[in-house]
Amino acid sequence: MNDSNASKVLLEELTDDGILTLTINRPDSMNSMNKDVVHQIWHRCYEIDGDDSVRVVILTGAGDKAFCAGADLKERKSMSEADVEQRLRDYRGCFRALEKLNKPVICAINGYAFGGGLEMALACDIRVVAQETKVGLTELGLGIIPGAGGTQRLPRLVGPAIAKEMMFTAARLTGDEAKALGVVNHSVPRANLMTFCQDMAKKMVRCAPVAVRQAKVAIDAGLQTDIDTGLELEAQAYAVTIPTQDRLEGLAAFAEKRDPVWQGK
């Protein structure tokens, strides 16, 4: 890491094919979330949403020890109750912005992800965890509950019974246990984690940008409603793709037995 990056709490790397890696850069603090981390991720989500050069986002943490250990408890010691409530609102806004980003977001959980760290990961589309680490919503062991979406996103992902068991016992799951319960999509050796996530992102980049966006809209919105409304939302999302140049390019590429060249329009 060069000196210009040493003080940055959020590092970025964008490849030529549009894969943006965001790295929480507070390894000495277990990549815990202070005000700067939350606000920078939130602000970058706003910018990335309108940036056509970004096709897929990979979110990870610096170092091997932690993806994000949750709230910065040292910072929190000096905060009033009102400050803590405001910070929780910031967490919720940041994670919701991450969740609603109009590009796929892959969370590469390179190390511990507890409390708010796992809540942030749950707001991503796909989670890949290093086998060697542990994850959990451990707040009940501290006398509080997950307050940044964990009580809502985890049950929607794994079902209420598994979510309750995890929270009520403050469980710390290994990577493989998290995979078995459906908390993460994949559990891989830490040494292979970023390559695995980058390979997945490259597969996503080979799909049409508008179609990827509309599939995400249809899935996320449809999950919040009944099947009939969901099917209508799907039809609306499909209709967005019909007049695009990319749809015609996809048909032409298929007929000509070549790779499509997407324009994102």
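1. Just after H7, Ala170 takes a positive phi of about 50°. Helices (H or I, at least four residues) and strands (E, at least two) are DSSP runs, numbered from the N terminus. Ala170 is partly exposed, with a relative accessible area of 22%. The accessibility classes are buried (under 20% relative accessible area), exposed (over 50%) and partly exposed (in between), with a 1.4 Å probe and protein chains only.

2. On the basis of the values: this is a predicted model, where local features need pLDDT of at least 70 and side-chain atom pairs count only at pLDDT 80 or more, while totals for chains, interfaces and linings use all residues. Residues are numbered from 1 along each chain as its sequence is written, and side-chain values use heavy atoms, with hydrogens and water left out.

3. Helix H7 spans residues 160-168, and its buried residues are Ala163, Met166 and Met167. These residues cover an arc of only 90° around the axis, which puts them on the same side of H7. The arc is taken from the directions from the helix axis to the C-beta atoms. The other side of H7 carries Ala161, Glu165 and Phe168, which are exposed. The buried residues of H7 pack against H6 and strand S9 (173-174). Contact here means heavy atoms within 4.5 Å.

4. Phe168 also takes part in a nonpolar surface patch. Leu140, Ile145 and Phe168 make this patch, of about 320 Å². Patch residues have over 30% relative accessible area and no salt bridge; like charges are joined within 9 Å, nonpolar side chains (Val, Leu, Ile, Met, Phe, Trp, Tyr) within 5 Å. Areas come from the Shrake-Rupley method with a 1.4 Å probe; for residues, only the protein chains shown count as cover. Leu140 sits in the loop between strand S8 (134-136) and helix H6 (150-158). At 33% relative accessibility, Leu140 counts as partly exposed.

5. The largest nonpolar core has 46 residues. Those with the most contacts inside this core are Phe67, Ile109, Met120, Leu154 and Val183. Helix H2 (residues 35-49) supplies the largest share of the core, five residues. Another core, of 14 residues, lies apart from it; Ile19, Val56, Ala108 and Leu193 are among its members. A nonpolar core is a set of buried Ala, Val, Leu, Ile, Met, Phe, Trp, Tyr and Cys residues joined through side-chain atoms within 4.5 Å. In soluble globular proteins, nonpolar side chains tend to be buried together.

6. The count of salt bridges comes to eight. The rule asks for a side-chain nitrogen of Lys or Arg within 4 Å of a carboxyl oxygen of Asp or Glu. In one of them, Arg44 pairs with Glu47, the closest N and O atoms being 2.5 Å apart. The two are three residues apart in helix H2, so about one helical turn separates them. Arg44 is buried, at a relative accessible area of 14%. Glu47 counts as partly exposed, at 34% relative accessibility. Salt bridges link Glu12, Arg44 and Glu47 in a network.

7. Glu99 counts as buried at 19% relative accessibility. Arg96, at 42% relative accessibility, counts as partly exposed. The side chains of Glu99 and Arg153 also meet in a salt bridge (2.8 Å, N to O). Arg153 lies in helix H6 and Glu99 in helix H4, so this pair ties together parts that are 54 residues apart in sequence. Arg153 is buried, and so is Glu99.

8. Last, the segment after helix H12 (245-255), where Lys257 is found. Phi of Lys257 is near 55°, a positive value in a residue other than glycine. Lys257 counts as exposed, at 77% relative accessibility.

9. Gln263 lies in the segment after H12 as well. At 49% relative accessibility, Gln263 counts as partly exposed. The C-alpha atoms of Gln263 and Pro209 are separated by 8.1 Å, while the two residues are 54 residues apart along the chain. Leaving aside its neighbours within four places in sequence, Gln263 is in contact with Gln245 and Asp246.
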